[in-house]
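The sequence and the structure are shown first, and the main points follow by topic.

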Amino acid sequence: MELTRLVGECDEGECPTLYATDRGTLVVQGGILTDHNREVPEHEALVEIPVELIRKAVRGNLI
């Protein structure tokens, strides 16, 4: 899978980031949530990102 960085909260690789894939999907990078009361399948994870990250992508017509 090829990832193209759309927008991120910083220039380093360890920050919340939104990517587009060559599959026509989006991938988010953020902190994995562990303090929730949801049942999540082992092959999935809940990831927290700032709302502003999505706003920047929409304002920039990136998604």
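A disulfide is a pair of cysteine sulfur atoms within 2.5 Å. Cys10 and Cys15 form such a pair, with their sulfur atoms 1.7 Å apart. The structure shown is a predicted model, and it holds one disulfide. The protein has one helix and five strands.

**Overall architecture**

- Read along the sequence, the elements of the protein follow the pattern β-β-β-β-β-α.
- The C-alpha trace spans about 35 × 25 × 20 Å along the principal axes of the protein.
- Of the 63 residues in the protein, 16% are buried.
- The protein exposes about 5000 Å², and carbon and sulfur atoms supply 48% of that area.
- Among the contacts with a separation of 6 or more, 28% are between residues 24 or more positions apart.

**The disulfide and its surroundings**

- The torsion about the S-S bond of Cys10 and Cys15 is about 95 degrees, so the disulfide is right-handed.
- Are the two cysteines buried or exposed, given that buried means under 20% relative accessible area and exposed over 50%?
- Cys15 has a relative accessible area of 16% and is therefore buried.
- Cys10, with a relative accessible area of 23%, is partly exposed.
- Cys15 lies in the loop between S1 and strand S2 (17–21).
- Not counting residues up to four places away in sequence, Cys15 touches Glu9, Cys10 and Gln29.
- Gln29 is 14 residues from Cys15 along the chain, and the C-alpha atoms of these two residues are separated by 7.2 Å.

**The nonpolar core**

- In soluble globular proteins, nonpolar side chains tend to be buried together.
- Which residues form the largest nonpolar core? The five residues are Leu6, Val7, Leu18, Leu53 and Ala57.
- Strand S1 (3–8) and helix H1 (51–59) are the elements that give two or more residues to this core.

**Thr4 in strand S1**

- Thr4 is placed in strand S1.
- The relative accessible area of Thr4 is 42%, so this residue counts as partly exposed.
- Beyond its neighbours within four places in sequence, Thr4 is in contact with Leu18, Tyr19 and Ala20.
- Thr4 and Glu14 are ten residues apart in sequence, and their C-alpha atoms are 15 Å apart in space.

**The loop between S4 and S5**

- Leu46 is found in the loop between strand S4 (31–32) and strand S5 (47–48).
- At 31% relative accessibility, Leu46 is partly exposed.
- Leaving aside neighbours within four places in sequence, the contacts of Leu46 are Gly31, Ile32, Leu33, His36, Arg38 and Val40.
- Twelve residues separate Leu46 and Thr34 in sequence, while their C-alpha atoms are 8.0 Å apart.
- Arg38, one of the residues in contact with Leu46, is also found in the loop between S4 and S5.
- The relative accessibility of Arg38 is 62%, so Arg38 counts as exposed.
- Arg38 and Arg59 are 21 residues apart in sequence and 31 Å apart in space, C-alpha to C-alpha.

**Asn61 after the helix**

- Asn61 is placed in the segment after H1.
- Most residues other than glycine have a negative phi.
- Asn61 has a positive phi of about 55 degrees, although it is not a glycine.
- How accessible is Asn61, and what class follows from that value? Its relative accessibility is 69%, so Asn61 counts as exposed.

Terms used
Residues numbered from 1 in each chain as written. Predicted model: local features only at pLDDT ≥ 70, side-chain atom pairs only at ≥ 80, totals over all residues. Heavy atoms only, no water. Helix = DSSP H or I, 4+ residues; strand = E, 2+ residues; numbered from the N terminus. Buried < 20%, exposed > 50% of the residue type's maximum accessible area, 1.4 Å probe, protein only. Contact = heavy atoms within 4.5 Å. Areas by Shrake-Rupley, 256 points an atom, 1.4 Å probe, with all protein chains shown as cover. Core = buried A, V, L, I, M, F, W, Y, C linked by side-chain atoms within 4.5 Å.
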